[in-house]
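The following exercises are to be worked with the sequence and the coordinates at hand. Each task is followed by a solution in steps.

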Amino acid sequence: MTRRAVVTGASSGIGEATVRALRASGWDVVGVARRAARLEALDAEVGSRSFAADLSNEADIAALAAHLAQTGDVHALVHVAGGARGTDRVEDGDPADWRWMFEANVLSAQLVTAALLPLLRSAIGPGGHADTLYVTSTAAQTAYPGGAGYNAAKAGEAMLVHALRLELNGEPIRVTEIAPGMVYTEEFTLNRLGGDRASAERVYEGVEHPLTASDVADVIAYALNAPGHVNLDLVTMRPVAQSAQHLLARGPLRPRG
């Protein structure tokens with residue numbers, strides 16, 4: 001049986017890479033994001049099937065759930081959509097940025113999960129299972145100056161995931177959290193810094209091999225393709241150059257001595 005996954009945030013970065021990785025391993029995939037043109041281009045390239053939706057909009061999510069119910073079973077939800085805005089200190093934080101981060105990272109996860117859980121349950125046959133998987137961040141685990149808004153939003157999403165796993169105890173539904181550290185993608189840092197490309201490039205300057213979107217997508221595909229009784233509760237992944245949230249090597253990595 002071909003399994004079908006819904007991947008949010010599919011128009012770029014980790015979401016797009018996840019659509020590619022799952023298609024390569026035999027999944028049917030429905031990519032979800034706001035930018036329909038980018039989704040359609042991805043569909044044409046890899047054979048996914050897209051649905052344009054704003055995941056902070058309840059009407060859009062209801063329409064997504066109705067579309068999925070009409071077009072087949074749903075075996076996995078991969079929630080990648082989210083993002084960061086700003087690097088202000090707490091005392092200088094823009095409430096609009098903080099509100100957007102909560103809606104994009106926490107509220108969207110709650111809304112899409114609530115809408116798709118009935119579909120996931122109905123797709124589970126005898127001896128089968130379903131998957132929910134959420135991409136959070138190491139920002140959910142460790143605070144850093146200028147990161148409080150994103151720290152709070154991603155920590156909120158991570159707590160949603162932890163609570164959901166407890167609430168689904170006794171059901172054959174896996175709940176997985178992937179928490180990446182530094183990942184170089186085309187848009188994340190650029191969007192966070194208001195489109196300042198020079199400042200965005202400086203974030204990665206001198207860092208040997210930051211993670212890529214494909215690196216994270218490979219781990220997501222591994223988690224979904226693992227035997228159904230195996231749940232990867234939490235995978236924290238960083239580039240070797242980033243030993244901790246605050247400890248980043250710039251320059252070549254080489255042995256001492």
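**Exercise 1: A salt bridge within a helix**

In this predicted model, E157 and K154 join their side chains in a salt bridge, with 2.8 Å from N to O. Determine how the two residues are placed along their helix and whether E157 is buried or exposed.

Solution. 
- Step 1. Both residues belong to helix α5 (residues 148–167), and because they are three residues apart there, about one helical turn separates them.
- Step 2. Residues under 20% relative accessible area are classed as buried. E157, at 0% relative accessibility, is therefore buried.
- Step 3. K154 has a relative accessible area of 2% and is buried.

**Exercise 2: The salt bridges of D131**

Identify the salt-bridge partners of D131 and state which parts of the chain each pair ties together.

Solution. 
- Step 1. One partner is R3, with the closest N and O atoms 3.6 Å apart. D131 lies in strand β5 (residues 130–135) and R3 in the segment before β1, so this pair ties together parts that are 128 residues apart in sequence.
- Step 2. Another partner is R174, at 2.7 Å from N to O. R174 lies in strand β6 (residues 173–180) and D131 in strand β5, so parts 43 residues apart in sequence are tied together.
- Step 3. D131 counts as buried at 1% relative accessibility, R3 is buried with a relative accessible area of 17%, and R174 is buried too.
- Step 4. Through shared partners, salt bridges join R3, D131 and R174 into one network. A search of the whole structure finds ten salt bridges.

**Exercise 3: The geometry and faces of α3**

Solution. 
- Step 1. The buried residues of α3 are I61, L64, A65 and L68.
- Step 2. The face turned away from the buried side carries the exposed residues A59 and Q70.
- Step 3. At the N-terminal end, N57 caps α3, with a side-chain oxygen 2.9 Å from the backbone nitrogen of A59. After α3 comes G72, whose phi is positive, near 140°.

Notes. Residues are numbered from 1 along each chain as its sequence is written. This is a predicted model: local features need pLDDT of at least 70, side-chain atom pairs count only at pLDDT 80 or more; totals for chains, interfaces and linings use all residues. Side-chain values use heavy atoms; hydrogens and water are left out. Buried means under 20% relative accessible area, exposed over 50%, partly exposed in between (1.4 Å probe, protein chains only). Helices (H or I, at least four residues) and strands (E, at least two) are DSSP runs, numbered from the N terminus. A polar contact is a pair of N or O atoms within 3.5 Å; within protein, one must be able to donate a hydrogen and the other to accept it, and residues adjacent in sequence count only if both atoms are side-chain atoms. A salt bridge is a side-chain nitrogen of Lys or Arg within 4 Å of a carboxyl oxygen of Asp or Glu.
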